[in-house]
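Thanks for making time this morning.

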Amino acid sequence: MLFLCLLFFVFRKRVEHFKPNSHFLLQKKLKMSTKSPSKLQEKTTPTFSLLPKVVNGGIAGIIGVSVVFPLDLVKTRLQNQIISPSGVKQYTSMLDCFKKTFAAEGYFGMYRGSAVNIFLVTPEKAIKLTANDMFRFYLTEKDGSLPIVRQMIAGGLAGACQIVITTPMELLKIQMQDQGRIASQAKAEDGAIKRLTALALTRQLYAERGILGLYKGIGATAARDVSFSVIYFPLFATLAELGIKEPIPGATPPFWWSFLSGCMAGSTAALFVNPFDVVKTRMQTITKGTGELHYNSILDCIMSTWKHEGVTAFFKGGACRMIVIAPLFGIAQTVYYLGIAERLFGL
């Protein structure tokens with residue numbers, strides 16, 4: 001409700017005094033302008049404002065994670081489970097996982113690990129979204145065009161920049177999310193497992209391996225995030241431009257079109273890179289359940305998963321991940337479109 005009220009306030013201000021801030025709108029202005037080069041330079045001098053983009057990225061991340069976190073927890077548990085020797089699954093479906101988790105751990109159990117995620121998602125989303133805009137800005141050609149290859153390069157570089165935050169964030173979040181699943185297994189086998197807080201786990205990893213302990217699975221994280229961004233950002237820009245009905249300078253799609261474009265681009269990219277996400281999740285899981293394997297490398301994880309579970313294992317949690325990513329990036333692009341930072345803080 002708070003989010004909807006905030007959007008209404010910002011959208012009302014946006015209608016009264018519209019100031020587009022999306023980079024693809026700048027490109028469209030440059031393409032459609034019929035003025036001479038010298039006048040074009042005077043009227044549409046490209047600029048890049050860093051601070052509002054960073055703030056908008058942080059706001060988008062906090063709101064998005066708060067909305068979709070329970071589904072992300074379900075996704076993690078589905079990806080980590082394996083079929084027991086007797087052929088029994090701990091969770092038979094996304095809905096079954098949700099029901100069992102809620103019954104065993106309650107409402108707050110669905111948000112296990114959310115604190116560390118919300119804390120770190122602000123710089124993570126700020127880096128991702130701002131870096132993409134920055135690379136697109138500097139890769140734009142003199143005539144204002146941005147070929148698809150350059151869009152993919154910009155997205156890939158943005159994905160590479162974010163892993164410095166994403167890797168420890170995902171590592172800690174996965175341990176917190178998966179503790180309930182491991183505890184349920186241990187309880188069924190008359191055992192017990194000690195639950196750790198994110199802070200205690202951070203201290204333990206740092207004591208054992210130093211700062212590198214927080215970057216376990218960084219290769220798999222990079223493979224997922226770079227490939228995701230290569231697909232997502234060009235696809236979003238293309239879909240967003242389709243929402244511009246009138247081919248005039250400064251024309252913009254409705255804000256709901258930006259939201260839908262983010263949802264469609266996000267879910268599509270999530271499906272394509274889900275195999276990398278499964279590998280990353282399994283490599284970053286420290287405490288394993290009964291019969292679960294430990295992996296020495298990305299290749300070892302891929303080959304072992306293929307051998308024991310088949311190709312379908314790489315798409316575990318795929319539907320859940322699509323449902324998570326769609327609103328997460330839809331909200332992010334809506335926040336960018338509305339310019340919440342500009343309106344609230346005058347940036």
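Let me start with a question: is Glu141 buried, partly exposed or exposed? Please keep in mind, as you look, that this is a predicted model. Glu141 is partly exposed, because its relative accessible area is 30%, and buried would require a value under 20%. The side chain of Glu141 meets that of Arg150 in a salt bridge, with 3.9 Å from N to O, and Arg150 is likewise partly exposed, at a relative accessible area of 31%.

Staying in this part of the chain, Ser145 sits in the loop between H6 and H7, where its side chain makes a polar contact of 2.7 Å with the side chain of Asp143. Ser145 has a relative accessibility of 18%, and therefore counts as buried.

Now to the salt bridges as a group, of which the structure holds 15. In one of them the side chains of Glu105 and Arg77 meet at 2.7 Å, N to O; because Glu105 belongs to helix H5, residues 94–109, and Arg77 to helix H4, this pair ties together parts that are 28 residues apart in sequence. Glu105 is buried, with a relative accessible area of 17%, and Arg77 is buried as well, with a value of 0%.

Another salt bridge joins Glu170 and Lys280, whose closest N and O atoms are 2.8 Å apart. Glu170 lies in helix H7 and Lys280 in helix H11, residues 274–284, so here the parts tied together are 110 residues apart in sequence. Glu170 is buried at 6% relative accessible area, and Lys280 counts as buried at 0%. Through shared partners, salt bridges link Glu170 and Lys280 into one network with Asp72, Lys75, Lys173, Arg224, Asp225, Asp277 and Arg321.

Finally, a word on annotation: an unreviewed UniProt entry lists residues 256–273 as a transmembrane region. In the model, that stretch is 94% helix and 0% strand, with its end C-alpha atoms 26 Å apart.

Notes. Residues are numbered from 1 along each chain as its sequence is written. This is a predicted model: local features need pLDDT of at least 70, side-chain atom pairs count only at pLDDT 80 or more; totals for chains, interfaces and linings use all residues. Side-chain values use heavy atoms; hydrogens and water are left out. UniProt positions are given in the numbering used here, feature names are shortened, and annotations may be inferred rather than shown by experiment. Helices (H or I, at least four residues) and strands (E, at least two) are DSSP runs, numbered from the N terminus. Buried means under 20% relative accessible area, exposed over 50%, partly exposed in between (1.4 Å probe, protein chains only). A polar contact is a pair of N or O atoms within 3.5 Å; within protein, one must be able to donate a hydrogen and the other to accept it, and residues adjacent in sequence count only if both atoms are side-chain atoms. A salt bridge is a side-chain nitrogen of Lys or Arg within 4 Å of a carboxyl oxygen of Asp or Glu.
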